[in-house]
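Here are a few notes to read alongside the model.

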Amino acid sequence: MEKQRFFKMGLMEKNFLVKALCDAQKLSGPEISGEVQGLINKTVNAPNGKLYLSDTEFQCAAQSLNGMRNAYLSAGRSSGGIDRVLLKLMSSKYKRVPTR
């Protein structure tokens with residue numbers, strides 16, 4: 001059993017997270033692109049919206065959402081939805097899950 005962050009996603013959270021990860025993948029180099037693609041697949045295929053994130057995946061997701069938020073703010077757009085998703089991600093708790 002290992003501790004991972006448990007992020008319960010609705011449709012809005014899932015869409016924002018996938019969009020932010022896709023944007024981060026386009027901007028990242030080839031060494032990080034594979035990890036981000038794995039996280040995108042994990043997010044899309046999460047059963048019942050239950051996403052378990054390791055520490056590196058959590059950090060990647062948080063940085064991607066924050067980058068998307070910064071892009072929206074610099075373009076003069078509202079970032080209210082992204083803020084909600086980022087806050088929900090940052091306040092996610094650790095849960096013990098079986099090792100895969």
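1. Let's start with Tyr52, which counts as partly exposed at 23% relative accessibility. Buried here means under 20% relative accessible area, exposed over 50%, and partly exposed in between (1.4 Å probe, protein chains only). Phe6 is buried, at 19%.

2. Keep in mind that this is a predicted model, where local features need pLDDT of at least 70 and side-chain atom pairs count only at pLDDT 80 or more, while totals for chains, interfaces and linings use all residues. Numbering runs from 1 along each chain as its sequence is written, and side-chain values use heavy atoms, with hydrogens and water left out.

3. How many aromatic pairs does a search of the whole structure find? It finds 1. Phe6 and Tyr52 have ring centres 5.1 Å apart and planes at 40°, so the pair is tilted. (Rings of Phe, Tyr and Trp, its six-membered ring, pair if their centres lie within 6.5 Å; planes under 30 degrees apart are stacked, over 60 edge-to-face, the rest tilted.) Phe6 belongs to strand S1 (residues 2–8) and Tyr52 to strand S2 (residues 50–53), so the pair ties together parts 46 residues apart in sequence. Strands are DSSP runs of E, at least two residues, and helices of H or I, at least four, numbered from the N terminus.

4. Two arginines are worth a look. Arg5 lies over the face of Phe58, 4.1 Å from the ring centre, and the charged end of Arg77 sits over the ring of Tyr72, 4.1 Å from its centre. The test is NZ of Lys or CZ of Arg within 6 Å of the ring centre and within 35 degrees of the ring normal.
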